[in-house]
Amino acid sequence: MIYIGLTGWGDHDSLYPPKTSSQKKLIHYSSHFPIVELDASFYAIQPEKNNEKWVKETPESFQFIIKAYQGMTGHQRGDIPFESKDEMFDAFKLSLTPYIKARKLAMVLFQFPPWFDCKKENVNYLRWCREKMQGIPCALEFRHRSWFMPQFYDKTLAFMEEQGWIHSVCDEPQIGEGSIPTVLHATDSEKTLVRFHGRNKEGWVRPSSGQNWREVRYLYLYNEQELKDWTKHLERLQQQSKQLYVLFNNNSGGDAAAAANGKQMMELLGLDYKGLAPRQLDLFN
């Protein structure tokens, strides 16, 4: 089964009736897609009331890919508001309880930064993370090319299989060590994650000054041929893994490119999901 969705639900206004409040966007989103990536958890471990609300607002079959808190992946600079890493991980796992109880947790995504390269201490940290998250499905996404250099390529994939990491397969600009290649290899026979970041080479690297980098980094609209090429890649991954979770992250600037490409990919694959939320139509549309 292939599940198509977007990263977050706040930036895709073309999906929603005019003047839809931010509090109601997830309800409308879940009438279009069966999965979503929750990004708020990266910036702060979410309080129980938020998690309970999001679980209740979505259909029974809806699934969340929840991004690991930034302190867990080494993104956060400065002080972390926890006494220890153990306490931080325990707090994060506790926040997952509503999703687990409702059977709406597809996986947790550990996306590591570009400076997290392939070396012994980082391998050991990945092993420790997996131990701490025991029993919870976790996906692993790298941002440093060293993990897939020829001398480490096979070892990286074998390590992920051995440790029970779900592979986050990426489509992103190819600009050297700050990007990873598309590796069409599933490391888990049940689940594989695919994330489309766009191919904006000029915007991928943070500039020293000037433009707002986050508004342009994922600014890219895949053309039909690029998506058709990916339907073949998805067929290949389906032979290795039962469930594919496909997320479009090319939504910089709120341009809803991800919504357009997400819908386009569903059409190309002939997907018609059952169990979505009822579509709420605007009376004056």
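User: What makes the pair formed by the side chains of Thr73 and His75 a polar contact?

Analyst: The two side chains come to 2.8 Å, and a polar contact is a pair of N or O atoms within 3.5 Å, where, within protein, one must be able to donate a hydrogen and the other to accept it, and residues adjacent in sequence count only if both atoms are side-chain atoms. This is a predicted model, in which local features need pLDDT of at least 70 and side-chain atom pairs count only at pLDDT 80 or more, while totals for chains, interfaces and linings use all residues. Residues are numbered from 1 along each chain as its sequence is written, and side-chain values use heavy atoms, with hydrogens and water left out.

User: Why is Thr73 called buried?

Analyst: Thr73 has a relative accessible area of 2%, so it is buried, given that buried means under 20%, exposed over 50% and partly exposed in between (1.4 Å probe, protein chains only). Beyond its neighbours within four places in sequence, Thr73 is in contact (heavy atoms within 4.5 Å) with residues including Phe42, Phe110 and Pro113.

User: Why is α5 described as oblique to α7?

Analyst: Helix α5 (residues 85-95) and helix α7 (residues 120-132) pack at about 45 degrees, with their axes 11 Å apart. Because angles under 35 degrees count as roughly parallel, over 145 as roughly antiparallel and 65 to 115 as roughly perpendicular, with the rest oblique, α5 is oblique to α7. Among the residues making the contact are Phe89 of α5 and Trp128 of α7.

Conventions
Axes fitted to C-alpha atoms, helices over the stretch in contact; angles between N-to-C directions. Helix = DSSP H or I, 4+ residues; strand = E, 2+ residues; numbered from the N terminus.
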